[in-house]
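Good morning, and thank you for coming.

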Amino acid sequence: YSSLQTLKGPSSGKSFTDFDKVGFWVTTTGGKKVGVFADRCGDHGGGGFAEALVRDAAGRLVFATRTPDAELQAIVDQKNVEHPEWMPYFHLQDEDYRTLKHRVARAVLSGGEAEGVATLEVAVETLKVAEFLTDWLRKEVEAG
């Protein structure tokens with residue numbers, strides 16, 4: 001499922017290799033298994049939708065969700081009409097980024113932590129996991 005693409009940057013002209021699709025399974029020490037599959041280029045309209053599917057051990061779908069839902073899609077569609085020159089995913093993520101910026105600004109002003117926002121420590125650890133997975137997945141893809 002995983003694949004890499006090498007493309008040239010539009011302004012720099014430099015080659016850059018990254019995953020366009022990635023998929024892997026994680027098994028916990030307790031024997032639970034979860035699959036992660038992402039396709040960064042599968043949304044040909046560029047709107048940035050996201051979908052999560054949960055399957056049981058037999059592969060049966062037990063839960064599915066997708067964003068945007070119908071209500072958010074109506075808002076995104078209106079913003080696309082109002083600002084057609086903007087990238088469509090900007091409209092999808094607009095409210096989330098506003099919320100994030102307000103929470104961080106409030107935390108900075110109060111000297112506290114931003115509600116519901118990862119700390120720098122959590123972010124660093126997450127990037128460590130991402131770097132580990134990137135190296136491992138790259139080797140798996142290149143090995144065929």
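How many residues lie between E2 and E3 in the hairpin that they form, and which residue in the turn has a positive phi? Please keep in mind that this is a predicted model. There are five residues between the two strands, and Gly31 in the turn has a positive phi of about 90°. E2 and E3 run antiparallel and are joined by seven bridges. Within this pairing, Val22 stands opposite Ala38 in E3.

Let us now turn to the other partner of E2. Strand E1, residues 3-8, pairs with strand E2, residues 15-27, in the antiparallel sense, and six bridges connect them. Lys8 faces Ser15 of E2 across this pairing. E1 and E2 also form a hairpin, with six residues between the strands, and there Gly13 adopts a positive phi near 75°.

I come next to the second largest pocket. Its volume is about 490 Å³. Fourteen is the number of residues that line this pocket, and those nearest its centre are Gly35, Phe37, Leu53, Val54 and Arg55. Strand E3 (33-39) and strand E4 (50-55) are the elements that each give two or more residues to this lining.

The helices follow. Leu72 belongs to helix H1, which covers residues 70-82. Is Leu72 buried, partly exposed or exposed? Its relative accessible area is 25%, so Leu72 counts as partly exposed, given that buried means under 20% and exposed means over 50%. Between the C-alpha atoms of Leu72 and Gly59, which are 13 residues apart along the chain, the separation is 30 Å.

Helix H2 spans residues 88-110, a total of 23 residues, and reaches 34 Å from its first C-alpha to its last, close to the expected 33 Å. Where does H2 bend? The bend is at Asp94 and amounts to about 50°. Among the residues of H2, His91, Leu92 and Ala107 are buried. As a general point, an α-helix has 3.6 residues a turn, so residues three or four places apart point the same way.

Finally, helix H3, residues 120-143, contains 24 residues. From its first C-alpha to its last, H3 reaches 34 Å, close to the 34 Å expected at 1.5 Å a residue. After H3 comes Gly144, with a positive phi near 90°.

Thank you for your attention.

Definitions and conventions:
Residues are numbered from 1 along each chain as its sequence is written. This is a predicted model: local features need pLDDT of at least 70, side-chain atom pairs count only at pLDDT 80 or more; totals for chains, interfaces and linings use all residues. Side-chain values use heavy atoms; hydrogens and water are left out. On a 1 Å grid over the protein atoms alone, a cavity is a set of points where a 1.4 Å probe fits but cannot get out, and a pocket is an open set with protein on both sides within 12 Å along at least five of seven lines; lining residues have an atom within 4 Å of a point. Grid points are joined across faces, edges and corners, and a volume is the space filled by probe spheres set on the points. Helices (H or I, at least four residues) and strands (E, at least two) are DSSP runs, numbered from the N terminus. Two strands pair if DSSP finds at least two bridges between them. The expected span of a helix is 1.5 Å times one less than its number of residues. The bend at a residue is the angle between axes fitted to the seven residues ending there and the seven starting there. Buried means under 20% relative accessible area, exposed over 50%, partly exposed in between (1.4 Å probe, protein chains only).
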